[in-house]
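Trainee: Please help me learn to read a protein model, one feature at a time. I would like to start with how a residue sits relative to its surroundings.

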Amino acid sequence: MDRLLTMRVFQAVVEEGGFAAAARSMELSPPVVTRLVADLEQHLGTRLLQRTTRKLALTDAGESYLLRVRAILHEIEDAEAAAAASTRDLRGTIRVLAAPLLATHFLAPMLASWHALYPKLMLDILVDPFPAMRVDEFDVTFMVAGDDYDGNIVARPMAHWEAVVIAAPGYLQRKGVPAEPGDLQNHEYLRYSGQLVRSQSGAARRLRLQPLHGAGAAQEVKVPVVLQSVSAGVLLRAAVDGMGVAVMSRLLAAPYLASGALVHVLPDWMFSRYTVYAALPSRRMMPARTKVFLDFVSERSPRLAYGHPVD
């Protein structure tokens with residue numbers, strides 16, 4: 001039995017979601033793929049996959065084996081790539097997991113530049129709203145954490161941004177420009193209702209702001225809510241259309257602030273600071289292709305917060 005081939009076939013079956021799809025991706029016949037997985041299970045003395053007429057699922061043994069197989073195959077690919085003359089000759093696939101907003105607003109603006117530099121390195125990007133639970137399954141996982149983050153994982157900070165209060169110029173002309181946090185009580189609040197605040201209820205919320213610089217005291221103000229949503233995109237569009245004030249990440253608001261479609265309200269104050277982390281699996285060695293990708297992202301990410309091109 002070709003152990004390396006069976007490992008690759010097993011990984012392909014899982015990632016492609018079935019035997020036929022794996023056969024197509026590896027240019028093998030479906031019977032050959034089925035036989036190789038069966039031979040692998042017989043060799044290991046355990047079932048790796050649960051097969052039903054509707055879906056394919058990993059057993060507990062299969063999940064454990066897949067993690068190790070991925071690490072082994074990554075090391076083999078990296079060893080082959082290390083023999084190349086330069087990093088431009090690196091090839092293979094980098095499996096990336098990211099929270100939805102990071103995938104769209106953080107990674108996507110960089111992808112064309114990445115491909116131009118490293119055309120032989122393919123990115124396979126999966127989106128998950130809770131990426132921290134799956135770090136060991138991917139080469140790199142991008143996620144957001146606040147200042148109090150103390151995760152027990154290997155993580156490299158990529159960028160630091162703030163969440164700030166924004167509004168459209170037309171809205172501020174109608175309602176007035178707040179000079180201090182207390183002035184927001186006379187404004188209309190477009191509120192994010194995500195996981196951290198779902199337990200609250202009522203028609204108004206206390207918005208807590210802290211000084212952007214220095215160690216001054218935070219201030220809380222009760223602001224009437226006219227719209228709330230778990231979608232930052234919905235709130236951003238409503239703010240651009242002049243519906244009210246919103247708390248928004250600089251990452252999302254940067255292009256609109258740069259164009260003048262939005263204004264940073266109370267520029268000496270912020271809602272919170274947060275960091276974008278690139279979390280790595282627990283295996284000891286980082287593949288060269290992953291390092292190249294992380295260096296690429298780290299170099300370009302600070303420009304995104306100010307609406308600058310990432311080329």
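Trainee: Is R134 buried, partly exposed or exposed?

Mentor: We judge that by relative accessible area: buried is under 20%, exposed is over 50%, and partly exposed is in between (1.4 Å probe, protein chains only). R134 has 23% relative accessibility, so R134 counts as partly exposed. Keep in mind that this is a predicted model, where local features need pLDDT of at least 70 and side-chain atom pairs count only at pLDDT 80 or more, while totals for chains, interfaces and linings use all residues. Residues are numbered from 1 along each chain as its sequence is written, and side-chain values use heavy atoms, leaving out hydrogens and water.

Trainee: Which residue forms a salt bridge with R134?

Mentor: Side chains of opposite charge can pair when their charged atoms come close. We call it a salt bridge when a side-chain nitrogen of Lys or Arg is within 4 Å of a carboxyl oxygen of Asp or Glu. For R134 the partner is D128, and their closest N and O atoms are 3.1 Å apart. D128 counts as buried, because its relative accessibility is 14%.

Trainee: How many salt bridges does the structure hold?

Mentor: There are 11. One of them links R208 and E220, with the closest N and O atoms 3.8 Å apart. R208 lies in strand β8 (residues 204–211) and E220 in strand β9 (residues 219–229), so this pair ties together parts that are 12 residues apart in sequence. R208 is partly exposed at 43%, and E220 is partly exposed at 49%. Strands here are DSSP runs of E with at least two residues, helices are runs of H or I with at least four, and both are numbered from the N terminus.

Trainee: What separates D39 and R35 in helix α3?

Mentor: About one helical turn, because they are four residues apart in that helix. D39 and R35 form a salt bridge too, with 3.3 Å between the closest N and O atoms. Salt bridges can also join up: E15, R70 and R95 are linked in a network.

Trainee: Now strands. Why is β10 described as largely enclosed?

Mentor: Five of the five residues of β10 (residues 245–249) are buried, so the rest of the structure largely encloses this strand. Both faces are covered, with V245, V247 and S249 on one side and A246 and M248 on the other.

Trainee: Which strands pair with β10, and in what sense?

Mentor: Two strands pair if DSSP finds at least two bridges between them. Strand β6 (residues 154–167) runs antiparallel to β10, joined by four bridges, and V164 stands opposite M248. Strand β7 (residues 189–192) pairs with β10 in the parallel sense over two bridges, where Y189 has V245 as its bridge partner.

Trainee: Which residues is L252 in contact with, leaving aside neighbours within four places in sequence?

Mentor: Contact means heavy atoms within 4.5 Å. L252, in helix α9 (residues 250–259), touches L101, H105, A232 and L236. H105 is 147 residues away along the chain, yet the C-alpha atoms of L252 and H105 are separated by 6.6 Å. With 5% relative accessibility, L252 counts as buried.

Trainee: What does T59 reach with its side chain?

Mentor: The backbone oxygen of R47, at 2.7 Å. T59 is found in the loop between β2 and α4 (60–82), and counts as buried at 12% relative accessibility.

Trainee: And helix α2: which of its residues are buried?

Mentor: In α2 (residues 19–26) they are F19, A21, A22 and A23. These pack against α1 (3–16), α3 (30–44), β1 (49–51) and β2 (56–58). Just after the helix, E27 takes a positive phi of about 60°.

Trainee: Last one: what pLDDT does the protein average?

Mentor: pLDDT is the predictor's confidence in each residue, from 0 to 100. The average is 83, and 85% of the residues score at least 70. Over residues 195–204, though, the pLDDT is below 50, and this stretch has 13 contacts in the model beyond near neighbours in sequence. Where pLDDT is low, the predicted coordinates should not be read in detail.

Conventions:
Polar contact = N/O pair within 3.5 Å; in protein donor to acceptor, adjacent residues only side chain to side chain.
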